[in-house]
Amino acid sequence: MQVPSHVEYERATSVEHALSLLSRPDTRVLAGGHSLIPMMKLRLAQPEVLVDINGLAELAYIKLAGHELRIGALARHADLLDSAVAGELFPIFHDAERVVADPIVRLWGTVGGSLCQADPSEDLSAVFAAARATAVIRGQEGDRMIPVREFHLGPYETAVGRGELLAEIRVPVIPGAGSAYEKVARRVGDWSVAAAGAVLRLGGGPGQPVIETAGIGLTAVGAEHFVAAEAEEFLRGRVVGAESFETAGAIAAGHCHPVADQRGPEDYKRHLVAELTARALRRAAGRAAVRAGAPA
């Protein structure tokens with residue numbers, strides 16, 4: 001039987017209370033707990049204090065504010081999947097949330113917890129990286145704004161410091177953008193073997209649309225900060241089409257660093273990156289064309 005080591009439990013009654021508790025040494029935030037508790041059972045994580053933030057309703061929201069979609073860190077996966085405004089502006093969120101674990105996990109697991117776990121196979125990290133989101137990290141001295149592309153410092157390591165809390169994720173709304181997420185897993189709800197997300201803004205008119213901006217996020221394949229930066233750069237200014245997307249997929253596959261494991265060998269994962277990136281780009285471009293009123 002796997003049992004965690006001794007740990008103290010504190011229930012935060014406000015964000016300020018949570019921050020004061022987190023200033024103590026060896027503390028960890030408890031939100032959904034679906035990743036942290038198993039790690040504690042295996043003693044891969046051994047915090048001295050758990051700070052339960054589940055009562056902080058002020059961090060559980062999804063709303064449009066000006067030109068940003070703002071997602072509270074305590075919003076549940078199910079909330080994001082059910083959000084009409086999130087799905088309308090960024091279909092990539094609904095694509096990804098449908099393949100995050102199972103309905104029970106989605107009802108309790110949190111968006112912020114997924115980002116802070118920083119698991120290399122986590123879906124939303126790639127999604128927010130593709131969308132060029134910003135993380136709002138709150139401390140007792142105020143807020144820090146960190147691009148999600150700089151938020152993850154390495155596996156299971158983030159920019160959130162001692163005495164700080166991820167409070168919100170802000171996603172810039174891109175008029176007319178299309179987005180999509182593609183994932184391959186061994187079974188429904190499993191961690192990714194590989195996955196790719198894309199956010200595209202098109203220009204140039206309906207006759208020959210070109211890619212003005214591209215965001216590509218990769219999961220489970222060792223992409224630095226979950227991003228396929230070289231493929232993004234290649235696409236900028238390119239004409240929309242299968243050739244551009246397939247080349248971008250090949251570039252993404254060539255610049256990631258998958259590791260052979262029980263989910264597959266390295267060459268198989270690179271093949272998936274190329275294929276899934278191209279698929280995500282095609283779907284994102286089709287959705288952008290629909291929003292612009294052109295044939296998909």
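Predicted model: local features only at pLDDT ≥ 70, side-chain atom pairs only at ≥ 80, totals over all residues.

Reader: Which are the buried residues of helix 1?

Author: Helix 1 covers residues 15-22, and its buried residues are V15, A18, L19, L21 and L22. Looking down the helix axis, they fall within an arc of 160°, so they line one face of helix 1.

Reader: OK, switching to aromatics. How many aromatic pairs does a search of the whole structure find?

Author: Two aromatic pairs turn up. In the pair made by F93 and F128, the ring centres are 5.2 Å apart and the planes sit at 50°, so this pair is tilted.

Reader: Where do F93 and F128 lie?

Author: F93 is in helix 5 (residues 91-97) and F128 is in helix 8 (residues 123-130), so the pair ties together parts that are 35 residues apart in sequence. F90 belongs here too: ring pairs link F90, F93 and F128 into a cluster.

Reader: F93, buried or exposed?

Author: Buried, at 0% relative accessibility. F128 is buried as well, with a relative accessible area of 0%.

Reader: And helix 8 itself, how many of its residues are buried?

Author: Eight of the eight, so helix 8 is largely enclosed by the rest of the structure. Among them are D123, S125 and F128.

Reader: What happens at the start of helix 8?

Author: A side-chain oxygen of E122 reaches to within 3.0 Å of the backbone nitrogen of L124 there. Just after helix 8, R132 has a positive phi of about 55°.

Reader: New topic: S179. What does its side chain reach?

Author: The S179 side chain reaches the backbone nitrogen of I92, at 3.1 Å. S179 lies in strand 11 (residues 178-185) and is buried, with a relative accessible area of 1%.

Reader: Which residues does S179 touch, leaving out those up to four places away in sequence?

Author: F90, P91, I92, D95, A198, V199, A284 and R287. F90 is also one of the residues in that ring cluster with F93 and F128.

Reader: Last one. Which residue lies over the face of W108?

Author: R76 does, at 4.3 Å from the ring centre. Elsewhere, K63 lies over the face of Y61, at 4.8 Å from the ring centre.

Key. Residues numbered from 1 in each chain as written. Heavy atoms only, no water. Buried < 20%, exposed > 50% of the residue type's maximum accessible area, 1.4 Å probe, protein only. Helix = DSSP H or I, 4+ residues; strand = E, 2+ residues; numbered from the N terminus. Arc of directions from axis to C-beta. Phe/Tyr/Trp six-rings, centres within 6.5 Å; stacked < 30°, edge-to-face > 60°. Lys NZ or Arg CZ within 6 Å of the ring centre and 35° of its normal. Polar contact = N/O pair within 3.5 Å; in protein donor to acceptor, adjacent residues only side chain to side chain. Contact = heavy atoms within 4.5 Å.
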